[in-house]
Amino acid sequence: MACSSCFNSCCPGCGGNRVITCPTSFCPPTPPVSPDCDLLCELQVSESVPVVAPTTAMLPITSVTVTTDQVGDRVLLEGTVEWAPSGILTLPISILPLSISLGIPGTFRIWRDAIGVGGTNIFETTDTSSLLSLSLSALILPLTATLTFNPTTTHFHFVDQTVPPGPHTYFLTVDVPAGLTTGITTSAFVFTAEEINPNPPV
């Protein structure tokens, strides 16, 4: 067989000759490749995510499907969503003093296999769209306050460490806050899922 390297010291006389042959016993064995070790095979995760029952309407954004083929597989989920409250919020003001919210919260959730009943809510995070502008009508009661809010970009990642083998669809939703009749719009999003094999034995 040919030497595996032109300067392979295990093969006498190899030197700089790439075509010299030597017995197999002189050449180093090919390093074994673990069938269980793949990209991110040494991923270690420590995470704590509060998950509570949704109390407002859930707006579906998108979904991805991935198949896990063995016990111990995990799924890495990552997302980026650009969003904002829809339209302009108008408040009639007839009594002072008045409290006005300077931000609108959006709670993003990841569901495994179904949204709501029949699915598992595995992750949630809340971000806030801040106030962009506030304009008032003439300062005579009753007056009207008009609020617009900034577009907000929310990033998140999560590892589903308890997923059973088989195909699974992950749904991404955002909660519409109670009292926000204009809802929430998403102008752009990326949502990915990647299977991760179990770590090889130590």
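Colleague: Leaving aside neighbours within four places in sequence, which residues is I110 in contact with?

Modeller: Keep in mind that this is a predicted model. I set aside the neighbours within four places in sequence. The contacts that remain for I110 are L77, T120, N121, I122, F123, F156, Y170, F171, L172 and F191.

Colleague: Which residues touch the most other members of the largest nonpolar core?

Modeller: The largest nonpolar core has 19 residues. I110 is one of the residues that touch the most other members.

Colleague: How many strands does the protein chain have?

Modeller: The chain has zero helices. Read along the sequence, the pattern is β-β-β-β-β-β-β-β-β. The strand count is nine.

Colleague: How many aromatic pairs are in the whole structure, and which residues do ring pairs link into a cluster?

Modeller: The search of the whole structure finds three aromatic pairs. Ring pairs build a cluster, and its members are F123, F156 and F158.

Colleague: Are the rings of F123 and F158 stacked, edge-to-face or tilted?

Modeller: Their centres are 5.4 Å apart. Planes under 30 degrees apart would count as stacked, and over 60 as edge-to-face. The planes here are at 35 degrees, so the pair is tilted.

Colleague: How many residues apart are F123 and F158?

Modeller: F123 is in strand β5 (residues 120–136). F158 is in strand β7 (residues 152–160). The pair links distant parts of the chain, and the separation is 35 residues.

Colleague: Is F123 buried or exposed, and what of F158?

Modeller: Buried means under 20% relative accessible area. F123 has 6% relative accessibility, so F123 counts as buried. F158 has 9%, so F158 also counts as buried.

Colleague: What percentage of the residues in the protein chain is buried?

Modeller: The chain has 202 residues. It exposes about 11,800 Å², with carbon and sulfur atoms supplying 61% of that area. The buried residues make up 35%.

Terms used
Residues numbered from 1 in each chain as written. Predicted model: local features only at pLDDT ≥ 70, side-chain atom pairs only at ≥ 80, totals over all residues. Heavy atoms only, no water. Helix = DSSP H or I, 4+ residues; strand = E, 2+ residues; numbered from the N terminus. Buried < 20%, exposed > 50% of the residue type's maximum accessible area, 1.4 Å probe, protein only. Areas by Shrake-Rupley, 256 points an atom, 1.4 Å probe, with all protein chains shown as cover. Phe/Tyr/Trp six-rings, centres within 6.5 Å; stacked < 30°, edge-to-face > 60°. Core = buried A, V, L, I, M, F, W, Y, C linked by side-chain atoms within 4.5 Å. Contact = heavy atoms within 4.5 Å.
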